[in-house]
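This briefing covers charged pairs and a nonpolar surface region. Please read it alongside the sequence and the coordinates.

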Amino acid sequence: MKKLVSVIAGAVVLSSGAIAAPTMVKSNANDGGYVVTYDYADKPVSDWYMTLRAELAFWNFKATASASLDGYPYGDETTENYSFKPVFGGNLSVGKWFDSNWRADVEAGYLGRMTDKDSGGEYAVQIPYATVNGYYNFINGLYVGAGVGAAMPIITIDAAGTDFVESNRNKFGFGFMGGVMFGYSTQLNDNMTFDIRYRLAGITGTSHERVWRPGDGTVVTSKVENGFMLSNSLSFGLRYNF
């Protein structure tokens with residue numbers, strides 16, 4: 001009779017949606033049988049975590065191009081304002097919880113690539129970056145945070161009918177990056193958390209020069225200045241708690 005009651009009780013627990021796995025424990029009865037018990041204790045989770053995100057960002061910045069020949073202006077200076085240019089990127093971060101509210105992580109990512117094409121050629125900007133972030137998490141899943149780090153813009157120019165001396169169509173820059181974030185996360189199971197984050201980030205401008213031949217036998221030095229960039233981004237990701 002005792003065995004039958006144990007089996008019925010176990011079936012009721014399973015049907016109630018219990019997530020804990022059953023454990024077989026040796027019975028103290030003289031018959032040498034086994035009874036089914038259930039462990040409802042939460043699975044222990046490490047303070048360390050890793051987050052992988054996909055991101056949609058909108059860039060706002062100004063680019064100015066000028067050229068000179070033997071120190072004298074060559075052609076007209078041009079300025080282009082880019083407003084809310086959409087780009088796709090992603091990032092990976094590794095971090096640690098310090099208590100139930102505070103956590104911090106190191107994030108490496110790719111803000112995306114923007115391209116501006118016309119009949120005269122192509123101008124493109126892509127930005128890898130790395131930041132250190134700190135977050136305060138509220139008990140309802142909302143959180144706020146801030147981060148600082150470095151951005152490494154890669155500027156590419158392909159101009160029709162030009163020959164870049166030393167093949168320097170790509171230029172690598174460096175800028176300081178800082179941002180503020182707020183978001184929401186909800187736990188899916190013991191280890192996985194779904195995360196939504198908005199970030200407003202600023203990146204300092206960069207300046208770079210190229211030497212090229214426009215096709216008339218001269219050698220021209222051109223300068224491109226990317227102004228301060230403001231990036232609004234929304235990302236969706238999964239956080240794995242070790």
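Is Lys117 buried or exposed? Lys117 is exposed, since its relative accessible area is 60%. The model is predicted, and a search through the whole of it finds twelve salt bridges. The points below take up several of these pairs and then a nonpolar patch.

**Salt bridges around Glu122**

- Lys117 pairs with Glu122 in a salt bridge, with 3.6 Å between the closest N and O atoms.
- Glu122 also meets the side chain of Arg113 in a salt bridge, again with an N to O distance of 3.6 Å.
- Glu122 counts as buried because its relative accessibility is 18%, and the cut-off for buried is under 20%.
- Arg113 has a relative accessible area of 37%, so this residue is classed as partly exposed.
- Exposed requires over 50% relative accessible area, and Lys117 passes that limit with its 60%.

**The Arg197 and Glu107 pair**

- A salt bridge joins Arg197 to Glu107, and the closest N and O atoms lie 2.9 Å apart.
- Arg197 is buried, with a relative accessible area of 0%.
- Glu107 is likewise buried, and its relative accessible area is 0%.
- Side chains of opposite charge can pair when their charged atoms come close.

- The network consists of Arg53, Glu55, Glu107, Asp195, Arg197, Arg199 and Arg239.
- Both Arg197 and Glu107 therefore take part in this network, and these two residues are also the buried pair described above.

**Nonpolar surface patch**

- Trp48, Met50, Leu52, Leu92, Val94, Tyr240 and Phe242 make a nonpolar surface patch of about 650 Å².
- Strand 3 (48-69) and strand 5 (78-97) are the elements that give two or more residues to the patch.
- Strand 3 supplies the largest share, three residues.
- Leu52, one of the patch residues, is located in strand 3.
- Leu52 is exposed, with a relative accessible area of 56%.
- Why can Leu52 be called exposed rather than partly exposed? The relative accessible area of Leu52 is 56%, and the exposed class begins over 50%.

Key
Residues numbered from 1 in each chain as written. Predicted model: local features only at pLDDT ≥ 70, side-chain atom pairs only at ≥ 80, totals over all residues. Heavy atoms only, no water. Salt bridge = Lys/Arg side-chain N within 4 Å of Asp/Glu carboxyl O. Buried < 20%, exposed > 50% of the residue type's maximum accessible area, 1.4 Å probe, protein only. Patch = residues over 30% accessible without salt bridge, like charges linked within 9 Å, V, L, I, M, F, W, Y side chains within 5 Å. Areas by Shrake-Rupley, 256 points an atom, 1.4 Å probe, with all protein chains shown as cover. Helix = DSSP H or I, 4+ residues; strand = E, 2+ residues; numbered from the N terminus.
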